[in-house]
Each structure stands twice: as C-alpha cells, then as structure tokens.
Amino acid sequence: MSYFEILQSYNLSILQWIAIGLAVFLLGFSKSGIKGIGIIIVVILAFVFGEKASTGFLLPLLIAADILAVVYYNRHTQWKYVFKLLPLMVVGVVVGAWLGNSISEIVFKRLMAVIIIVSVVLMIYNENRKTDTIPNSRLFSGTMGFLSGFTSMVGNLAGPISNIYFLAIRLPKNEFIGTAAWLFFIINLFKLPFHIFVWKTVSKETLILNSVMLPIVIVGFCIGVAIVKIISNVNYRRFILIVTALGGAIMLFR
C-alpha cells in the first residue's frame, strides 16, 4: 500500500484525529519539562488505539521528543543519577516485556495508582517539613528504577514514578529535566526491539502515522520550553507534585 492508503486504512474519524493531535502535542509539551501530564497522553491514545497498541504508536514519538530534550537540556544532565537508576530500569523493562501479555491491566493500574498517590502524599509531607535530608539509599533508587522501567514498558507510565524520585533527591528544574531526558531516551531505545519483534506493536504502518504527527511534537516542545523558562524552581516542584497526584487519581479511576 502507498503512504496515503496506509493512513486511510486506519479509518480514523475527525474527532480521533483531533484526539491524537492533542495527545502528541502534549507529548512534546511534556518532554520540554512540563512533567506529570504523561498519564493524560496515555489515556487519550488508549481510547483511540486500545491499551497495548497505543504503546507501540507512542514509542517512536517518545524517542523523537527525547532527542529534542537531550539536545536542548544536555548541559544540565546529572549523569550519576542516570547510572544509578538505569540498571534496574533495564531489568524492569525486561520483566515488563515478559509479563506484559499476561498481567491484568486492572490490577496493574490500581497498584501503580496507589503507589503514586501514597508517594506524592509522602513527598508533600517531606516538602512541608522543610528538611534537607536527601534519600540516597540503593534500595530507594533501585526500587524507583525498577518500577520506572516496568511501568514504562507495560504502559508508558513511568513519568509519575521518576518524577517522585527526582523530586525526592531535590534536583533543580533544569537538572531534573536534563537528567530525565537522557534516562528515558536510553530506556525508550532499549524498549524499541521488544515492541518491534516481541509485541509487534511498532510496524511500517504505525511509523507512517508517526511521521504525520512529528511536526506537532516539535511545536509542543518549543512552546513548552518557553513556558519552562518562566517557572521558578519552587513553583515547578509544586506543579509536578499536583499534576503527578492528579495522574495517579486518573489512573485509579479510569
């Protein structure tokens, strides 16, 4: 089939095209540093494509947005945290790829929602205590790394988990964004073969649809960068906490 015949084969309504465009715009927006809105993207695309198929459509666009983020925020990357989280994130991805076909989506969503909401409550408590204590234990970083990798593979839902970790270690705004950018660029590249050869959710057809949406990702990223520049570190932390909590609530009740 030709390029346009493949696009027509999706049989998408105008409303579905608008929904996909909104989700992809929010993807670029979120990768610019406006964290916490990833759950909204996942929900919108799941309604259009279904839970599992949407992860394959989304992944190449995530990688494209990651490239924009690592180029723009590279100088702020804190590599020690990338290396701290990455090993068990890889393990989490492998476990997620293995269990992804059999795990109950309902149980998974509820469990992750509870973990996210409880973690946010603890973070808010920690913020109000005004403590300077930073969690440095291997257990904490390893647990958050594994959960991030697992949730990233199963449903592209690692954002809330990683947000909680980076807030807990008190990374400033630009360091938060730059470190997360490289971490997820690496892990999303690692996930790609699983989606192509194991789950078969990435194909020529999905890549053609991706190509139509790529300009919207770029527009969302550019607008997000302009907004991030005017947000203070304090307000940035508050925004991430609030939106992450809302994301956990949406996951719990969707």
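Axes are lines fitted to C-alpha atoms, for helices over the stretch in contact, and the angle between two of them runs from 0 to 180 degrees between N-to-C directions. The views below are close-ups of a predicted model.

**View 1. Helix α8 against helix α9.** The axes of α8 and α9 lie 11 Å apart, and the two helices pack at an angle of about 140 degrees. That angle makes α8 oblique to α9, and the crossing of the two is right-handed. On the α8 side the meeting residues are Ser-162, Asn-163, Phe-166 and Leu-167, and on the α9 side they are Phe-176, Thr-179, Ala-180, Leu-183 and Phe-184. Sorted by class, the residues of this contact are six nonpolar, three polar and no charged. Helix α8, which spans residues 159-168, is mostly covered, with nine of its 10 residues buried; among the buried ones are Pro-160, Ile-161, Ile-164 and Ala-168.

View 2. Phe-140, Tyr-165, Phe-166, Phe-176 and Tyr-236 form one aromatic cluster. Within this group, Tyr-165 and Phe-166 are buried residues of α8, while Phe-166 in α8 and Phe-176 in α9 also belong to the residues through which those helices meet.

**View 3. Helix α5 beside helix α9.** Helix α5 (residues 79-99) packs on helix α9 (residues 173-198) at an angle of about 25 degrees, and their axes are 10 Å apart. With that angle, α5 is roughly parallel to α9, and α5 passes α9 in a right-handed crossing. From α5 the contact draws on Trp-79, Tyr-81, Val-82, Leu-85, Leu-86, Met-89, Val-90, Val-93, Val-94 and Ala-97, and from α9 on Thr-179, Trp-182, Leu-183, Phe-184, Ile-186, Ile-187, Phe-190, Lys-191 and Phe-194. In terms of class, this contact of α5 with α9 holds 17 nonpolar, one polar and one charged residues.

**View 4. Helix α4 across helix α9.** The axes of α4 and α9 come within 8 Å and cross at roughly 145 degrees, and α4 passes α9 in a left-handed crossing. The residues of α4 that take part are Thr-55, Gly-56, Leu-59, Leu-62, Ile-63, Asp-66, Ile-67, Ala-69, Val-70 and Tyr-73, and they meet a set in α9 that includes Asn-174, Ile-177, Gly-178, Ala-181, Trp-182, Phe-185, Asn-188, Leu-192 and His-195. Divided by class, the contact of α4 with α9 has 14 nonpolar, six polar and two charged residues.

**View 5. Ser-54 in helix α4.** Ser-54 is found in helix α4, which covers residues 51-73. With a relative accessibility of 4%, Ser-54 counts as buried. When its neighbours within four places in sequence are left aside, Ser-54 is in contact with Leu-45, Ala-46 and Phe-49.

View 6. The structure holds 14 aromatic pairs. In one of them, the rings of Phe-25 and Phe-29 have their centres 5.9 Å apart and their planes at 15 degrees, so this pair is stacked. Both residues belong to helix α2 (residues 14-31), where Phe-25 and Phe-29 are four residues apart, about one turn of the helix. An α-helix has 3.6 residues a turn, so residues three or four places apart point the same way. Phe-25 is partly exposed, at a relative accessible area of 26%, whereas Phe-29 is buried, at 15%. In the other pair, the ring centres of Trp-79 and Trp-182 are 5.1 Å apart and the planes stand at 50 degrees, so this pair is tilted. Trp-79 in helix α5 and Trp-182 in helix α9 are 103 residues apart, and their pair links distant parts of the chain. Trp-79 is partly exposed, with a relative accessible area of 33%.

View 7. Just after α8, Arg-170 takes a positive phi of about 60 degrees, and its place is in the loop between α8 and α9. Arg-170 is partly exposed, with a relative accessible area of 26%. Lys-200 also has a positive phi, of about 55 degrees, although it is not a glycine. The loop that holds Lys-200 runs between α9 and α10 (204-229), and at 62% relative accessibility Lys-200 counts as exposed.

Notes
Residues are numbered from 1 along each chain as its sequence is written. This is a predicted model: local features need pLDDT of at least 70, side-chain atom pairs count only at pLDDT 80 or more; totals for chains, interfaces and linings use all residues. Side-chain values use heavy atoms; hydrogens and water are left out. Angles under 35 degrees count as roughly parallel, over 145 as roughly antiparallel, 65 to 115 as roughly perpendicular and the rest as oblique. A crossing is left-handed if the near helix is turned anticlockwise from the far one by less than a right angle, and right-handed if clockwise. Contact means heavy atoms within 4.5 Å. Ala, Val, Leu, Ile, Met, Phe, Trp, Tyr, Cys and Pro count as nonpolar, Asp, Glu, Lys and Arg as charged, and the others, Gly among them, as polar. Rings of Phe, Tyr and Trp (its six-membered ring) pair if their centres lie within 6.5 Å; planes under 30 degrees apart count as stacked, over 60 as edge-to-face and the rest as tilted. Buried means under 20% relative accessible area, exposed over 50%, partly exposed in between (1.4 Å probe, protein chains only).
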